Each structure stands twice: as structure tokens, then as C-alpha cells.
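Trainee: Could you walk me through this structure? I have not looked at it before.
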Amino acid sequence: ASGAISPRLGHTMVTIGERLFVYGGRGADKDATDAVLGDLVVFNPNYGGGGGWERLETGGERPRERWLHGCVPFGERLVIFGGYEPSGESNTFSMLKLRGKQPLWEDW
């Protein structure tokens with residue numbers, strides 16, 4: 001875990017339980033490119049005794065990188081829809097099941 005995640009815009013942040021999930025966006029670091037991001041980062045307030053960010057390791061086929069998309073919690077799942085991929089507009093759904101040993105991406 002670390003103290004921060006990369007600067008970004010057009011990302012989504014949702015809560016499930018006591019964890020914050022941040023997905024995608026577009027890089028906003030003035031010293032880096034404005035690449036479209038496809039990472040999933042989680043803030044867990046219980047990590048290491050004081051809380052921290054960690055990249056979530058997932059199974060299944062990850063959705064394409066995107067920004068300006070929608071993301072909502074749905075029970076113990078994250079559902080991502082639409083936005084802009086590097087190739088243009090998207091109308092795809094992806095779902096991340098959070099139960100089990102390893103979270104699993106599935107197309108909807």
C-alpha cells in the first residue's frame with residue numbers, strides 16, 4: 001500500500017462497506033502523459049493500522065481503460081458502463097464480483 005494514487009480526472013469512486021474503490025480516469029500528472037487509465041485502486045482504512053491505497057489484483061478479463069464512465073456499487077459488485085476508451089466512445093458493461101478469494105471481472 002502507499003500513501004497516494006496517481007493524479008487523475010474523469011475517474012469514478014464508489015464505496016462498498018468501508019472501502020473506497022477508484023477506477024480508471026485520465027492521467028492528470030503534469031510531468032506525465034494524459035494516458036487513459038484502467039487501474040482499480042482501493043483505499044482500505046484498516047490497511048497497515050492507519051489505512052492506505054492498494055492496487056486490487058483481479059481475475060477475469062479486465063475492461064478496457066476508460067474515463068468519463070459510470071460506476072456504481074451493486075451488492076458486493078462494481079458495475080462499470082460506458083465512457084471513453086482510447087479508441088473512442090464505449091457502451092460496454094463490465095462487472096467486478098468482490099466475493100471470494102480473488103475479485104473477478106465479468107462482461108455483463
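This is a predicted model: local features need pLDDT of at least 70, side-chain atom pairs count only at pLDDT 80 or more; totals for chains, interfaces and linings use all residues.

Trainee: Let us start with charges. How many salt bridges are there by the count?
Mentor: The count comes to five salt bridges. One of them joins Asp 39 to Arg 8, with the closest N and O atoms 2.8 Å apart. Asp 39 lies in strand S4 and Arg 8 in strand S1 (residues 8–9), so this pair ties together parts that are 31 residues apart in sequence.

Trainee: Is Asp 39 buried or exposed?
Mentor: Asp 39 has a relative accessibility of 13%, so it counts as buried. Arg 8 is buried as well.

Trainee: Changing topic: how many aromatic pairs does a search of the whole structure find?
Mentor: The search finds four aromatic pairs. In one of them, the ring centres of Phe 81 and Phe 93 are 4.6 Å apart and the planes lie at 40 degrees, so the pair is tilted. Phe 81 belongs to strand S7 (residues 77–81) and Phe 93 to strand S10 (residues 93–97), so the pair ties together parts twelve residues apart in sequence.

Trainee: What about the nonpolar core?
Mentor: The largest nonpolar core has 13 residues, and those touching the most other members are Phe 21, Leu 40, Leu 56, Leu 78, Leu 96, Leu 98 and Trp 105. Strands S2 (12–16), S3 (19–27), S4 (36–44) and S7 each supply at least two residues of this core.

Trainee: One last item: where does Gly 60 lie?
Mentor: Gly 60 lies in the loop between strand S5 (52–55) and strand S6 (70–73). Its relative accessible area is 51%, so Gly 60 is exposed. Setting aside neighbours within four places in sequence, Gly 60 is in contact with Leu 104 and Trp 105. The C-alpha atoms of Gly 60 and Glu 106 are separated by 6.4 Å, although these residues are 46 residues apart along the chain.

Technical notes:
Residues are numbered from 1 along each chain as its sequence is written. Side-chain values use heavy atoms; hydrogens and water are left out. Rings of Phe, Tyr and Trp (its six-membered ring) pair if their centres lie within 6.5 Å; planes under 30 degrees apart count as stacked, over 60 as edge-to-face and the rest as tilted. Helices (H or I, at least four residues) and strands (E, at least two) are DSSP runs, numbered from the N terminus. A nonpolar core is a set of buried Ala, Val, Leu, Ile, Met, Phe, Trp, Tyr and Cys residues joined through side-chain atoms within 4.5 Å. Buried means under 20% relative accessible area, exposed over 50%, partly exposed in between (1.4 Å probe, protein chains only). Contact means heavy atoms within 4.5 Å. A salt bridge is a side-chain nitrogen of Lys or Arg within 4 Å of a carboxyl oxygen of Asp or Glu.
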